[in-house]
Amino acid sequence: MVYLLSTVSTLICLTILYGLPKILRYQRRQKAARNHGCLPAPCALQKDPVLGLDIALKLLQALRNNRRNLSLRALFGTHGHTFQVKSWSKNKIFTVEPKNLQSILATDFASWGVQPLRLFPFEPFVGKGIMCSDGTFWEHSRALIRPTFTRTQIADMHLPGFETHVQRLIHLIPRDGSTVDLQPLFARLALDSSTEFLFGESAGSLSSNAVSTEMQSFLDSYNHGQMIIGRRFQLPHWNVLTWDRRFRSSCKAAQVFVDRHIDRARLKLSETTTREADAERFTLVYELLRRTKDVEDVRNQLLNIFLPAHEALGVALTNIFFQLARNPTVYTKLRKEICDAGGDQAPWSFERLKSLRYLQSVISETFRLNPTIGTTIRIALRDTILPTGGGSHDSRAPIYVNKGDIVTVSLYALHRRKDLFGEDADIFRPERWETLRPTQWSYMPFSGGPRVCPGQNLALTEVAYSLVRILQAFKTIENRDPVVEFVEVYKLTTDSKNGAKVAFTT
């Protein structure tokens, strides 16, 4: 009897100790929500409202069927611009409201982070760096990298070397009207450019010479590691399905490769003259070594940057030519603007490329319809408030957000809102940009706020420069893909599953 009473007393004490803080926290949150006039976001109808396995499996199935962006847009069409679900037992809010984006990415930046979401999938492979950290460490990472990308002359300093890669690419495009898939060629262009910019040595995948064994081993390891990161990002953090021997060896191989380049760069920096150092100051590995002696930190930052850098250019160019092939009148109009601009009488600088308005419209329209990154996700680091979306369907009440809640922003769905971009928002029409002036938070292909992509000017310059050179070389384009619509395939970026199959004439 005494034992039974003791057990019951212990259970009661444990219940109070565990439950009382939860009750008090719940009451405090309810009071704060009432004081701010907050209402919960509309809930999507779920068969499993506790663990949310139904919606989690539905989104995984959409991913498997190459309909991730389309599936999310359909959910917004059903539930409004902001709604919430349970998924893997977590409370998740989905939103495409510009006011909420501004709050999450800028005005209430400190309340939101990525480290609890990204560090688990990313760290074994690329280490802790700018892509997967918050707080003071993220500020440290940003301070290391930002100066290299914010120099106004970086695009112009980079273009002479980039010209070599573009000309090699053009040489590989058939001129006899035969079909070519541009996607693998653009991937190789992005690879050669990014490896040269980051490591001071191009992969040389577009040249006639074979890629070095060392570089090929790194690429194979990196591609496998990137695929596993994508899987780890979609599954709960307790999953063991993605930790295998090949992933471990890929992590090690990628890190050893970068360490070798760091050692070469350190040796070269110790031997270079001031003039040579100035010439090399736009190679990221040299810039990082000038700012820190921590080799592991330099390696992690390089791997973190390589993750988006070697994908973004290739994906963007593939998507642009996917659209141009299906809109040959746009190709003709764009080519005329480029030819009328005076050819190579003056260097194709950053400012000169920006002055070609139709070129910029074509780029903007492609990023609107097919953003390289279709979604962005944040987790609440503390209790906070979203400014709008609470209440019934598309209500405007603020939403109280608990610490640990996750918000998913679909840039794909945001960029296709008809109230923001017109009734023909699903149509590729660059002319809309002649009068369209979207707010910063309704069109954001490179994100926004303090975490805005530091390399966006460099990326846009490379895209524009590539377009100019290719359209100078080829008079017409023809679609050779029997599938007309864009079919997505999701990795960490959203790629065209069918590539960009075209034919050119000169």
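Is Glu287 buried or exposed? In this predicted model, local features need pLDDT of at least 70, side-chain atom pairs count only at pLDDT 80 or more, and totals for chains, interfaces and linings use all residues. Residues are numbered from 1 along each chain as its sequence is written, and side-chain values use heavy atoms, with hydrogens and water left out.

Glu287 turns out to be buried, at a relative accessible area of 2% (buried is under 20%, exposed is over 50%, and partly exposed is in between, with a 1.4 Å probe and protein chains only). Its salt-bridge partner is Arg290, with 3.0 Å between the closest N and O atoms (a salt bridge puts a side-chain nitrogen of Lys or Arg within 4 Å of a carboxyl oxygen of Asp or Glu). Arg290 is partly exposed, at 38%. Both residues sit in helix α12 (residues 284–291), three residues apart, or about one turn of the helix (helices are DSSP runs of H or I with at least four residues, strands are E runs of at least two, and both are numbered from the N terminus).

Another one joins Arg73 to Asp426 at 2.9 Å, N to O. Arg73 belongs to helix α3 (residues 68–79) and Asp426 to the loop between α18 (418–421) and α19 (456–473), so this pair ties together parts 353 residues apart in sequence. Arg73 is partly exposed at 24%, and Asp426 is partly exposed at 34%.

Glu434 and Lys333 also pair up, their closest N and O atoms being 3.9 Å apart. Glu434 lies in the loop between α18 and α19 and Lys333 in helix α14 (residues 328–340), so parts 101 residues apart in sequence get tied together.
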